[in-house]
Amino acid sequence: MFYRKYRPQTWSDLDNQQIRETLGKAVMANNWSHAYLLLGSRGTGKTTTARLIAKTINCTDRKKGEEPCNKCDSCKAVTAGTTLDVIEIDAASNTGVDDIRDLREKVKLAPSSSSHKVYIIDEVHMLSTSAFNALLKTLEEPPEHVVFVLATTDPQKLPDTIISRCLVYDFGKSLNTEIKNKLEKIIAKEKIEVSAKVLDQIIKNANGSHRDAQKLLEQTNGSSANQDLERPDALNLIKFLAKRN
């Protein structure tokens, strides 16, 4: 799928300029924190950014101020999703205190092959109150070799105690100009034809989500929507696909 095939593998490729210029530069300068909280709508690059943090921290051939090399064994393992030292947890299905207590025991173990273990907890707002309390103790005094990256689409549900332990970055919704720029790059690389009207409608219906925009582009490619937007069935197709996403 386009959104997986074209997932940014360096900070310079990240679609969100604000995050590139703030979080990206700080991490590349080796000024990283033990805990981050990434806020924003779905499909805006939070998980991609979390993986870039993990890749940058653990790259074995990178110099201070530089991008991860994407060539060393560590970088390749993060890209392929095979490293044991980057642990991604879906809080929506691991909401209980026992899950977090298990995590607290595992963070004590040294990384298997990297300098740091990076725990990425997606939709962290789904944790139970008791789970948050258990996580708080780990965030207060984490081992030196551990970095937490928490991501959420609903920060209002997070306890202030958790937020206060993290460096917070707000992704918001992706700008239409950023989405358009990424889609145009994909269109050029895939050598597909998309009319300007169709492209505008895809961006409009993506509602600030890079992932949804790229899925819409892939799904409408080769369909009647790609030929004539004035036809009712073409516009309806884009709207229908947007609702399914």
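Which element gives the most to the lining of the largest pocket? Helix 3 does, with four residues. The views below show a predicted model, in which local features need pLDDT of at least 70 and side-chain atom pairs count only at pLDDT 80 or more, while totals for chains, interfaces and linings use all residues. Residues are numbered from 1 along each chain as its sequence is written, and side-chain values use heavy atoms, with hydrogens and water left out.

**View 1. The largest pocket has a volume of about 400 Å³.** A pocket is an open set of points, on a 1 Å grid over the protein atoms alone, where a 1.4 Å probe fits, with protein on both sides within 12 Å along at least five of seven lines; lining residues have an atom within 4 Å of a point. Volume is the space filled by probe spheres set on the points, which are joined across faces, edges and corners.

**View 2. The lining of the largest pocket comprises 22 residues.** Nearest its centre lie Arg7, Gly43, Gly45, Thr48 and Arg211. Two or more lining residues come from each of helix 3 (46-58) and helix 10 (210-220); helices (H or I, at least four residues) and strands (E, at least two) are DSSP runs, numbered from the N terminus. By class, three lining residues are nonpolar (Ala, Val, Leu, Ile, Met, Phe, Trp, Tyr, Cys, Pro), nine charged (Asp, Glu, Lys, Arg) and ten polar (the others, Gly among them).

**View 3. The second largest pocket has a volume of about 230 Å³.** Its lining includes Leu84, Ile87, Asn94, Asp102, Lys117 and Tyr119. Strand 2 (86-90), helix 5 (97-106) and strand 3 (117-122) each give two or more residues to this lining, and helix 5 gives the most, with five. The lining divides into six nonpolar, one polar and four charged residues.
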